[in-house]
Amino acid sequence: MTESGSESELEPPQNEVSKGTVVVTTMASDSHTWNLVFLQLLIEELGYDVVNLGPCVPDDLLVRECRGIAPAMVVISSVNGHGYQEGMRVIGKLREAGELVATPMVIGGKLGISGGEDTGHIDELMAAGFDGVFQDGVSGVADFQKFIETAPTKGRQITETSGATA
Ligand code: B12
């Protein structure tokens, strides 16, 4: 509530046109939730609607929701240490769904248990189909903000072999 008591200063602007819908999710093993709340608020502040699928999202549910929503972007967060393994599995399933082959998809958080020192898996996640990998200790929220400001309009460059380049 403001001092005048009429409306909350925390309410999002009512008359701005949404830039699209972003799916925020974690993966099957991960029960942490505040990372998802943080990302939802950040992405909403950047002008998008957000569908937050919450913690411990099974692969088939994630794929089904993304196919149904046809989002401008999929943002996956993982902090429990299984992010690399689960990300490698999940990105394949998402990209196999034809409609999602060109959807910008990123993963970030604490993707392993090395505190950001082991960066080898970042290239592997990119090669597997992610457009951005934001590993704590390597790149952060500011890099992600730069990415989201350009990625949805840029789209993915699909090659003839159906692989893609960022
Ligand atoms: C609260 C908590 C829990 C709670 C979660 C409750 C809930 N409903 O959320 C409970 C007790 C359930 C829990 C369980 C476990 N936890 Co825990 N947990 C934490 C704790 C203390 C805080 C997490 C939090 O809420 N942070 C606040 C949010 C806003 O920030 P964040 O999660 O750090 O996310 C930030 C960044 O990672 C980044 N980010 C995250 N995702 C993304 C995505 C993108 C695209 C981008 C750009 C950025 C980004 O942005 C966020 C804001 O800066 C952390 C330690 C810590 N102090 O951080 C450990 C921690 C995450 N947990 C950890 C572990 C190991 C576990 C367990 C495996 C423990 C166990 N042996 O059972 C289980 C796993 C459960 C599961 N199935 O996932 C480890 C992970 C280690 C790692 N990855 O190297 C941590 C880091 C503790 C530690 N130092 O060891 N945990």
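Two residues are in contact if their C-beta atoms, placed from the backbone, lie within 7 Å.

**Figure 1. Overall fold of the predicted model.** Among contacts between residues at least 6 apart in sequence, 73% join residues at least 24 apart. The protein has five helices and seven strands. Read from the N terminus, the element order is β-α-β-α-β-α-β-α-β-α-β-β. Of the 166 residues, 31% are buried.

**Figure 2. The shell around the ligand.** The ligand is surrounded by 23 residues. Trp-34, Ser-77, Gly-108, Gly-109 and Phe-144 are the closest. Four elements are labelled: α1 (34-45), β3 (73-78), β4 (105-109) and α5 (141-154) each give two or more residues to the shell. Helix α1 contributes the most, with four residues. By class, the shell holds ten nonpolar, ten polar and three charged residues.

**Figure 3. The largest nonpolar core.** This core has 32 residues. Those with the most contacts inside it are Val-22, Val-23, Val-24, Ile-43, Met-73, Val-74 and Val-75. At least two core residues come from each of β1 (21-25), α1, α2 (59-69), β3, α3, β4, β5 (132-135) and α5.

**Figure 4. Surroundings of Ile-43.** Residues up to four places away in sequence are left out of this count. Ile-43 is among the core residues with the most contacts inside the core, as are Val-22, Val-24 and Val-75.

**Figure 5. Packing of helix α3 on helix α4.** Helix α3 spans residues 83-96, and helix α4 spans residues 120-128. Their axes lie 9 Å apart, at an angle of about 10°. The pair is therefore roughly parallel, as angles under 35 degrees count as such. On the α3 side, the contact is made by Tyr-84, Gly-87, Met-88, Ile-91 and Gly-92. On the α4 side, His-121, Glu-124, Leu-125 and Ala-128 take part. The contact comprises five nonpolar, three polar and one charged residues.

**Figure 6. Asp-60 and Val-90.** Asp-60 sits in helix α2. Is Asp-60 buried or exposed? Asp-60 is exposed, because 10 other C-beta atoms lie within 10 Å, and the cut-off for exposed is 12 or fewer. Asp-60 and Val-90 are 30 residues apart in sequence. In space, the C-alpha to C-alpha distance between Asp-60 and Val-90 is 9.3 Å.

Note on methods: Residues numbered from 1 in each chain as written. Predicted model: local features only at pLDDT ≥ 70, side-chain atom pairs only at ≥ 80, totals over all residues. Near = placed C-beta within 6 Å. Nonpolar A, V, L, I, M, F, W, Y, C, P; charged D, E, K, R; others polar. Axes fitted to C-alpha atoms, helices over the stretch in contact; angles between N-to-C directions. Parallel < 35°, antiparallel > 145°, perpendicular 65-115°, else oblique. Core = buried A, V, L, I, M, F, W, Y, C linked by C-beta atoms within 7 Å. Buried ≥ 20, exposed ≤ 12 C-beta atoms within 10 Å, placed from the backbone.
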